[in-house]
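Let's take a walk through a protein model, one piece at a time.

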There are 2 protein chains.
Amino acid sequence: MQKFIFILSLLLVTSSTLFAQQNIFAPTGPISSPIVNKDGSVTLHLQAPTATHVEVKGDWLPAGTTVPMTKNTDGVWSYTSGPLASDLYIYQFIVNGTALLDPLNVYQIRDVSSLFSIFVIEGGQGDLYQVQEVPHGTVAKRWYHSPTLDMTRRLTIYTPPGYETSNESYPVLYLLHGMGGDEEAWPTLGRTAQILDNLIATGKCKPMLVVMPNGNVAQEAAPGESSLNQTPVNFNLPHTMDGTYENSFEDIIAFIEGNYRAKANKENRAIAGLSMGGFHSLWISANYPNTFGYVGHFSGAVNPRENNDLSQGVPRIYENMDGKLAQQRDNGLILYWIAIGTDDFLYQEVKDYRAKLDSLQFPYQYVETAKGHVWSNWRLYLSQFTPLLFK
Amino acid sequence: MQKFIFILSLLLVTSSTLFAQQNIFAPTGPISSPIVNKDGSVTLHLQAPTATHVEVKGDWLPAGTTVPMTKNTDGVWSYTSGPLASDLYIYQFIVNGTALLDPLNVYQIRDVSSLFSIFVIEGGQGDLYQVQEVPHGTVAKRWYHSPTLDMTRRLTIYTPPGYETSNESYPVLYLLHGMGGDEEAWPTLGRTAQILDNLIATGKCKPMLVVMPNGNVAQEAAPGESSLNQTPVNFNLPHTMDGTYENSFEDIIAFIEGNYRAKANKENRAIAGLSMGGFHSLWISANYPNTFGYVGHFSGAVNPRENNDLSQGVPRIYENMDGKLAQQRDNGLILYWIAIGTDDFLYQEVKDYRAKLDSLQFPYQYVETAKGHVWSNWRLYLSQFTPLLFK
């Protein structure tokens, strides 16, 4: 064996910068970044000898703030946070005014039109966001036809461990993204597969299908994944909150129930969404009142308009909120779950919406957390909401 | 309708930097990058007023070279290439010595341990790498158990349009990555789903399953997707070319044929790989001589060792190349396809291997292209190889 290993090693050493994939050079060197320290703090490094001003922007810092990095004599800038709660965090460096990813960190995620470097602090909630040695579900990118929209569209679907080899049918959670998001948002920043795998493995959550559609009817699929290809990412897409998506949602349900072993009744359907996805969940569940037994609003843009009427040009789907909610209440719901952070800019809107529900004697569960309109909360809410489903 | 739209617009305008997803700010401004020009050239921009030296590194440039960008009076650096052949290209900026992604371009791909910004020049081969308005297959990330390795491992599988709704069985292409790669390499840089969707839509290629396993037995899954989570990406993984993977490959075939409607005979199995994946394809097909009717080596590390014998410590799977090839020849193969670029550092190795095949009167097809050990060639080879399969 010795000789054979020697030959292979020689081959590797002499050609290691060329061999196999096109680019084989690890960003190694005297520094690395990020470094998660034993006390739960993180140290970030950036080699930028000629920069004059380097800051860190990260979601463990107060919104809208940055912290300066300090430069050592080798031209390496560094920053160490205080101990951080266990979570997934995103950050960028701002080098002489330009926001950049950490060039030493290969792990990053797109959030709408920006890329962020990421790291996870383990030892608590963050462990749910990591891949553990547990049975894993399948994550598929699937295209379906929407007759209502006359479009072929893309969604992400999580099927739980064992789905493919069992004959069972499963309950379904429809999980909706926020404005600017798409069918990639929940699977990446939302860590849906990791959270579900980990909660199912410990028996905290029932095996279920999780359907993450694209909620922007102006696009077939996420940026880069549609026939628009690499157009700039546009936050202000048309028709995001004009009833078009809600009206076409039956196409998604029909597709899932026609193509997956999905339990097709109210007791086995849940719908939840973050921000705009909460708005969509509200109106979809209110307009299909006996379709969903479980509804979740995560920092929902619940927008409690008062009894809009068609004569003012309101789409029919947004008409008569009170009447529709009363009908939904009377039909019976298993769980109507509302969560928001105290720093969320939608806090008052959600408070007003709860007052409306109270006045209608509409039963709901309410969860209030710290922080604002951030993925840290949405991952947390997903991990809190899914254990309540389909019991 | 007017009033309703007005209310929504107001809501959007006042909260557009906060609303919905956590980060809603498009990297817009007076400049954009990349800009693909009508003549097929690309213009790149970077705002870096305090930088003193900015270069572009891109795979349309000669290997190992960079080109300087020029700075205008506003502190914006720019570069325009000459007209480029239609293809997908990767690039980075090197700002005062530090390699960075283009902060104005949200589209990027990881290659081993480096991230690159990307763009596509349309109007030719590059069109195959874009999403077109054609029926789309499904891309799934699936975990399987390997009894031989006693590991649960991850693979990517492409199922063609219509797979889920037909009762047909399909032929299977096993498509292997190179050293440092993983089950994410072919679906991202390799554009497998786009190439297959587009070739199937025009009838140039038969509908088939494409299985893209992780070929590193030292890891369960791609970086960030295994229980190792965000460890640094390690190019020099152990056991990549010591026979362990080849020996366990039957587990992958058994999983696919046990869990998908796969045609389970030699006429409907193909195996191909790039670089190290070519080495794997060679030895897997030679050691399972009546299993694969089609074999492809894309810039293969074919490594024609002469009749290694076990007494010198060679793993049994690498023993007796000539005898195994002769057996493979006698059993009959439908296609043995070899492609390499004239600038590839493995060019001579492949030439020696062809000489061996010639001496054995082993039939094969040989394709020689320009360029070297690059994804541009591997995408091209995939688009040339798949139309030859299962006819």
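Of the 391 residues of chain A, 61% count as buried, where buried means under 20% relative accessible area, exposed means over 50% and partly exposed is in between, using a 1.4 Å probe and protein chains only. Keep in mind that this is a predicted model, in which local features need pLDDT of at least 70 and side-chain atom pairs count only at pLDDT 80 or more, while totals for chains, interfaces and linings use all residues. Residues are numbered from 1 along each chain as its sequence is written, chains are lettered from A and ligands numbered from 1 in the order in which they are written, and side-chain values use heavy atoms, with hydrogens and water left out.

**Chain A as a whole**

The secondary structure of chain A comes to eight helices and 18 strands. Helices (H or I, at least four residues) and strands (E, at least two) are DSSP runs, numbered from the N terminus. Now take the contacts in chain A with a separation of 6 or more: 73% of them join residues 24 or more positions apart. A contact here means heavy atoms within 4.5 Å.

In chain A, an open sheet of four strands runs in the order β1-β2-β6-β5 with antiparallel pairing. Its edges are β1 (35–36) and β5 (70–71) of chain A, each with a single partner strand, so one side of each has no neighbour in the sheet. Two strands pair if DSSP finds at least two bridges between them. In chain A, β1(A) and β2(A) (residues 42–47) have two bridges, and Ile35(A) has Thr43(A) as its bridge partner in β2(A).

Look at chain B next: four strands form an open sheet there, in the order β1-β2-β6-β5 and with antiparallel pairing. Here β1 (35–36) and β5 of chain B stand at the edges with a single partner strand each, so one side of each is left without a neighbour in the sheet. The table lists the pairings in chain B.

| Strand pair | Bridges | Partner residues |
|---|---|---|
| β1(B) and β2(B) | two bridges | Val36(B) and Val42(B) |
| β2(B) and β6(B) | five bridges | Leu44(B) and Tyr79(B) |

**A helix in chain B**

How many of the ten residues of helix α3 (residues 192–201) of chain B are buried? Nine are, so this helix is largely enclosed by the rest of the structure. Among them are Ala193(B), Ile195(B), Leu196(B) and Leu199(B). The buried residues of α3(B) pack against several elements of chain B, including β11 (138–146), β12 (151–159) and α8 (375–385). After α3(B) comes Gly203(B), whose phi is positive, near 75°.

Thr159(B) has its place in strand β12 of chain B. Thr159(B) counts as buried, at 6% relative accessibility. Leaving out residues up to four places away in sequence, Thr159(B) touches Gly137(B), Thr138(B), Glu164(B), Leu209(B) and Tyr260(B).

Asn287(B) belongs to helix α5 (residues 276–287) of chain B. Is Asn287(B) buried or partly exposed? At 24% relative accessibility, Asn287(B) counts as partly exposed. Asn287(B) touches Ile317(B) and Lys324(B), again not counting residues up to four places away in sequence. The C-alpha atoms of Asn287(B) and Met321(B) are separated by 9.4 Å, with the two residues 34 apart along the chain.

**Empty space inside**

Rolling a probe the size of a water molecule over the atoms shows where empty space is left. The structure holds two cavities of 30 Å³ or more, a cavity being a set of points, on a 1 Å grid over the protein atoms alone, where a 1.4 Å probe fits but cannot get out. The second largest cavity has a volume of about 250 Å³, a volume being the space filled by probe spheres set on the grid points, which are joined across faces, edges and corners. Of the 19 residues that line this second largest cavity, the closest to its centre are Ala51(A), Val95(A), Leu100(A), Val95(B) and Leu100(B); lining residues have an atom within 4 Å of a point.

Terms used
On a 1 Å grid over the protein atoms alone, a cavity is a set of points where a 1.4 Å probe fits but cannot get out, and a pocket is an open set with protein on both sides within 12 Å along at least five of seven lines; lining residues have an atom within 4 Å of a point.
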